[in-house]
Amino acid sequence: MAEKKWSSILLAFGCLAFITWFTPDLAGLKPAGKASLAIAVFAIIIWVTQAVDDALSGLIIVFLLASMKATDITGAFSGYANTALWLIVIGFIMAGCMEKSGLSKRIALLLVNSAGGSATKVYWAVALVMAVMSFLVPSITARTLLMLPIILGIGQAFDARQGQSNIMKALLFIVAMSGTMMSIGILTAHVGNPITAGLIQAATQKTISWSDWLRIGAPPAFTLAFISVYVIRLMWPPEINNLGKGQEFVQRELAALGRLRKQEIYTLLVFSITLILWATDSLHKVNVVIVGMLAVILLLWPGSGIMNWKEAQQKVPWNVFILYGAGLSMGTALVSSGAAKWLAGTLLSPIAFMGHAAQMIILIWLATGLQVFFTGGGPKTTALTPIVIAHAVTIGADPLVFALILGMNMQHQYLLPVSNMPNAVAMGTSHITPGELMKTGAVMSLLAAFFMSLMVLTYWKWLGLVH
């Protein structure tokens, strides 16, 4: 193991030991709360530094929660019983089936082809692809990987020089950054969203429906995303007006797919039914996870399904499952032990006298700034949401509203290659330099924080969420 990772592990365990055994008793913080706080600091250091594998960090956290009596053994494993965690598994299996059937590639190629070879129109076509795929492919990483070969193929067709084509840079930024913004508006489109819903459910016993999340999050998310496409177009204007052979590449790929196949029709049918049931869950009251489970059963059904379980299990990042299950358990322990309430009162007391809208705006900017410390919106959501919930309770606000709005803003991770998996994928193409990613990511971060702050004062206030 590299020396840097050993140093991070020693730092994490050192902080764990110091908080547990060497800090004095703090007013309002019980022993279980101190243990929870120590484990949370340990987890953040491990996550930020990536000192150990995600799955191993999850196992360590569960072990520490139980052994240090931050919670009982049932509480240490409670995250794995949270329905939100299973929505992640459902999402990745559905994404895998969409990919294997070929339907997602066909939809992507059809929409890109609609641009008619115009470079500027291709920018918007790719954005539209990402918007459509946000509903059909429940993983921003999967959507990015789906679009990557299409974008690279277009670049090869018009002889884009590696690292020198604005068109390639812009398309990759649209997929990675605008696509992430779109994910904010759909419960099933980003791994962090079910985590937010799960933490809210654990703390308030209230369930966020798929349709409620869409109503609250989709208009701001998609508006922001399409504004970002315009900004990216200004930052990276196309060097040529017409893609020429790039359009021919897309048409050849479409021709190679042939007519709509039986598997694609079946997949489209299952996804359409699933989306209709998700969108109307506030009417029929069937939990979004139950609907998702039905979709997975139909997609894996022997004979008519798209793939078998052996294939499906390879599509699920079980390291993410273990990590976020542990994170949900830790979040619940922070709340039940009183540590989150103590943290909120200590760290956020300077803003407690302000109006709720002003506090939300400050927290949005804080969450956006903290992206430099986290390798993804999921870990950031897991670490910070319990504190936000406790703060809302302390100031007499609705914790569901505070956690939901702040949870949506945890996904702003655009600045660094390690901030977001799509960023890393885009960097891996060699069409983008770290400096270019940081410059564009900084603009996107400022745009996102400013726009979402405006939503607090307008759209979310009109919905009656902000007072």
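## A buried threonine

At 0% relative accessibility, T267 counts as buried (buried is under 20% relative accessible area, exposed over 50%, partly exposed in between, with a 1.4 Å probe and protein chains only). T267 sits in helix α13, residues 262-279. Helices here are DSSP runs of H or I with at least four residues, and strands are E runs of at least two, numbered from the N terminus. Residues up to four places away in sequence aside, T267 touches C97, M98, S101, L103, L299 and I306. Contact means heavy atoms within 4.5 Å.

This is a predicted model, where local features need pLDDT of at least 70, side-chain atom pairs count only at pLDDT 80 or more, and totals for chains, interfaces and linings use all residues. Residues are numbered from 1 along each chain as its sequence is written, and side-chain values use heavy atoms, with hydrogens and water left out.

## Nonpolar core

The largest nonpolar core has 168 residues. Such a core is a set of buried Ala, Val, Leu, Ile, Met, Phe, Trp, Tyr and Cys residues, joined through side-chain atoms within 4.5 Å. I39, M147 and W460 touch the most other members. Helix α9 (residues 166-183) supplies the largest share of this core, twelve residues.

M147 has contacts beyond its neighbours within four places in sequence. They are A108, V112, V126, V129, M130 and V175.

## Aromatic pairs

Rings of Phe, Tyr and Trp (its six-membered ring) pair if their centres lie within 6.5 Å; planes under 30 degrees apart count as stacked, over 60 as edge-to-face and the rest as tilted. By this rule the count comes to nine aromatic pairs. W124 and F226 have ring centres 6.3 Å apart and planes at 15 degrees, so the pair is stacked. This pair links distant parts of the chain: W124 is in helix α7 (residues 119-136), F226 is in helix α11, and 102 residues separate them. W124 is partly exposed at 32% relative accessible area. F226 is partly exposed too, at 28%.

W318 and F321 form an edge-to-face pair, with 5.5 Å centre to centre and 75 degrees between the planes. Both lie in helix α17 (residues 318-336), three residues apart, which means about one helical turn between them. W318 is partly exposed at 31% relative accessibility, whereas F321 is buried at 11%. W318 and F321 also belong to one aromatic cluster with F77, Y80 and W86.

## Salt bridges

Side chains of opposite charge can pair when their charged atoms come close. A salt bridge here is a side-chain nitrogen of Lys or Arg within 4 Å of a carboxyl oxygen of Asp or Glu. The whole structure holds five salt bridges. One of them joins E311 and K100, with the closest N and O atoms 2.8 Å apart. E311 lies in helix α16 (residues 309-315) and K100 in helix α5 (residues 83-101), so the bridge ties together parts 211 residues apart in sequence. E311 is partly exposed at 28% relative accessibility, and K100 is partly exposed at 36%.

K169 and E436 meet in another salt bridge, 2.9 Å from N to O. K169 lies in helix α9 and E436 in helix α23, so this pair ties together parts 267 residues apart in sequence. K169 and E436 are both buried. R215 and D212 meet at 3.7 Å, N to O. R215 and D212 are three residues apart in helix α11, which puts about one helical turn between them. R215 is partly exposed at 41%, and D212 is partly exposed at 29%. R106, R261 and E264 are linked in a network of salt bridges.

## Surface features

W365, L446, F450 and L454 make a nonpolar surface patch of about 420 Å². Patches are made of residues with over 30% relative accessible area and no salt bridge; like charges are joined within 9 Å, nonpolar side chains (Val, Leu, Ile, Met, Phe, Trp, Tyr) within 5 Å. Accessible areas come from the Shrake-Rupley method with a 1.4 Å probe; for residues, only the protein chains shown count as cover. Helix α23 (residues 434-457) gives the largest share of the patch, three residues. F450 lies in helix α23. F450 counts as exposed, at 55% relative accessibility.

I240 is in the loop between α11 (210-235) and α12 (245-257). I240 is partly exposed at 31% relative accessibility. I240 and N166 are 74 residues apart in sequence and 9.3 Å apart in space, C-alpha to C-alpha.
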